[in-house]
Amino acid sequence: MNSKHIVAWVEDIDVSAHLAKLVTTHSFSLEFRNSFQLVQETNGLNILIIDLACIKESDLQKLIELKNKKYFILIGFCEGINGPLMNYYGDLGCDMVLQRQ
């Protein structure tokens, strides 16, 4: 059994490929989801990675509410993110906000 279960809600094929390589290297399990409903139904979620540029604000709010009920680490990323946006997403509930290179 894997110690970490990662779920990714991303639309970028390059990011998907990098995540797949990462989890293979470190023996984590990875599932890709494309809706709040599918994320909500995931069992054993430890880490959720989301593309902040592709997710609707209403879905992000639902994820934050879900995070408050079930503990998991929420990592958001997007291109061109700046300090104020990083703070904004951090204040909403993202544990980490990363700039995609």
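**A parallel sheet, its helices and a pocket**

Good morning. I begin at a single residue: just after helix α4, G93 takes a positive phi of about 140 degrees. Please keep in mind that this is a predicted model.

Helix α4 itself covers residues 83-92, and N82 caps its N-terminal end. In this cap, a side-chain oxygen of N82 lies 2.9 Å from the backbone nitrogen of L85.

Let us turn to the sheet. In general, the strands of a sheet pair through backbone hydrogen bonds, in either a parallel or an antiparallel way. Here the pairing is parallel, and five strands form an open sheet in the order β2-β1-β3-β4-β5. At the edges stand β2 (29-32) and β5 (96-99), each of which pairs on one side only. On average, and ignoring direction, neighbouring strands of this sheet are turned by 20 degrees against each other.

One pair deserves a second look. Strand β3, residues 47-51, and strand β4, residues 73-78, are joined in the parallel sense over five bridges. Within β3 and β4, I50 stands opposite G76.

Which strands does helix α3 lie across? Helix α3, residues 57-69, lies across β1 (5-9), β3 and β4, and runs at about 170 degrees to β3.

Finally, I come to the largest pocket, which holds about 280 Å³ of space. Its lining includes V15, H18 and L19, as well as I75, F77, M96 and L98. Helix α1 (13-26) and the strands β4 and β5 each supply at least two residues of this lining. How do the lining residues divide into nonpolar, polar and charged? Seven are nonpolar, three are polar and one is charged.

Thank you for your attention.

Note on methods: Residues numbered from 1 in each chain as written. Predicted model: local features only at pLDDT ≥ 70, side-chain atom pairs only at ≥ 80, totals over all residues. Heavy atoms only, no water. Pairing = 2+ DSSP bridges. Helix = DSSP H or I, 4+ residues; strand = E, 2+ residues; numbered from the N terminus. Axes fitted to C-alpha atoms, helices over the stretch in contact; angles between N-to-C directions. Contact = heavy atoms within 4.5 Å. Polar contact = N/O pair within 3.5 Å; in protein donor to acceptor, adjacent residues only side chain to side chain. 1 Å grid on protein atoms, 1.4 Å probe; cavity = no way out; pocket = protein on both sides within 12 Å on 5 of 7 lines; lining within 4 Å. Points joined across faces, edges and corners; volume = space filled by probe spheres on them. Nonpolar A, V, L, I, M, F, W, Y, C, P; charged D, E, K, R; others polar.
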